[in-house]
Amino acid sequence: LKCAQAKIVESLLRSGVHKHAPAMAMMAPGSRRGSSRHAVELAGLLLFLSLASRPCSAMFLTGTADLPGNSTIFIGKYCFTFDRRHEGSAGKLNVTVWAPNLAPHQSVHVVMFDDEAESFPGPSGQWDALSCDERIQHAKHTSKLDWTRREEGQLIRFNVKEHLRPRFWYIALADCSGSGLDSISFEVHAINVPYGWAAELPTDKRLVPHALVIFVAAYGALFVAQLHAKSLLLSSKRGDSARDKAAHPFAQILTAGILLGLVSAVLSMLHFLWLAADGEGLALARVCGQLLSGASRFVLACLLLLVSEGKCISYVMVAADGRRVARMLGPFLIACLLLELWGDYSLSRRYTTGFVYTTSFGWAIIFVDLLLLAVYAANLQGTYEVERDTSDGMFYRRWGIFYGSWFLALPITTILSQAALAPYVWYIVSMCVLGAVDIVVYAALVVGLWPGNTKTYFKLTPACPWPDDSLETADFEPPPRLPSLLGNQAHSKRCAKLGYTELP
């Protein structure tokens, strides 16, 4: 399975993000069914290609490439740690190249750059204007391919020495003869010697397994707590009312989101632990973990938009509300998943240290995220204007702002990474911040829906047993105190206002 297959993934992503997601976001609800089907097909094909290829950021990778004349192609990237000792070695880099079509007169080199300004600071017009010989002069290490070893393979060993800070190193092939070379096979293996059992991990992902262990523990605790809350309701003496609340759509969606986050963290943890052991990891676990992580964030966004509309606080939520919000957020979820997979599989990620969310695709996702924040804020403002003089008004003034801050996590993390952080900490900081914010918001919802919590504003109520038109003319009074998941609350006489509502 070759990393070069990622070319297909990158081209698919370019067409998918620009054509499918924006079109779906602009369509009217009645016309989304067909585009949703195409989006599912796109995601399925992307998943297949992802599983059929190896992430280009792997520490042990193989692949094939065609090298045009007078050009340079990048075949790998790795972040090495540093050793302050003058004679200390921070890492080892081994590259094996097979070039069966190499001719005696051709001049093809394996070149290695780091991210220093005088070596390779990143793609730019100035770099593109350099000739092949000038690019080789910028390399930290060069090795010319030996024609006599074209069939058996040429092994190049290199000790990386960094004394100031971690740096990204790039491995490339350069042809300065002008004739080009096709069917080149390569194998790259890089390790960080000081990391011991985690020597296969690059510096930018060194702490990822530790963070994922914490995420697994946190999501596991939340999932157990949510199951315990459900069992308390099912065993409650209040009978059918409590059982209805245990099966309430909001509670069910919350449980599903936490479970998705837990499984995602477990799969990602297994991948990175395996990656630390063999340098390759588990491709299936990695991709599935990314997909489930995106689904968990999608569920959380749905819940927060429902909260901004006052569902389960001032108004009853029915299953149709969840479906409506899910249809609205579907294109955003697909775009995020495409971007995450592109960050792992795109060939362009081999020659840049840039944060994936600062690419053109990433800024588009952030813009949509801010649009969702605007929708949330507009919903919250509208609900607060209606409920400001009720007991629920305090919730929208205080907790509404708290929950809305979830939409700012991604933009703030992206701006912070560009303004103040070194490239080798962008990945771990963004992962920890986004993951921690998800867990905190999920935890707040679990506590808010906990049975017996009498200080919460959340209420789950049963469906309306009376026809809606009878409420407009009847002289009867609904029960003055209706049972809720979190203790008794006084409710309005209107059926739609947290008492009862008509069955969907």
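**Notebook: charged side chains**

I looked up arginine 286 and found it buried, with a relative accessible area of 7% (buried means under 20%, exposed over 50%, partly exposed in between, with a 1.4 Å probe and protein chains only). The model is predicted, so I kept in mind that local features need pLDDT of at least 70 and side-chain atom pairs count only at pLDDT 80 or more, while totals for chains, interfaces and linings use all residues. Residues are numbered from 1 along each chain as its sequence is written, and side-chain values use heavy atoms, with hydrogens and water left out.

I placed arginine 286 in helix α8, residues 283–308 (helices are DSSP runs of H or I, at least four residues, and strands runs of E, at least two, numbered from the N terminus).

I then searched the whole structure for salt bridges and noted eight (a side-chain nitrogen of Lys or Arg within 4 Å of a carboxyl oxygen of Asp or Glu). One of them joins the side chains of arginine 165 and aspartate 115 at 4.0 Å, N to O. Arginine 165 lies in the loop between β6 (154–160) and β7 (167–175) and aspartate 115 in the loop between β4 (108–114) and α3 (125–128), so the pair ties together parts that are 50 residues apart in sequence. I recorded arginine 165 as partly exposed at 26% relative accessibility, and aspartate 115 as buried at 13%.

I also checked arginine 388, which forms a salt bridge with glutamate 385, the closest N and O atoms being 3.3 Å apart; arginine 388 is partly exposed at 39% relative accessibility, and glutamate 385 is partly exposed at 38%.
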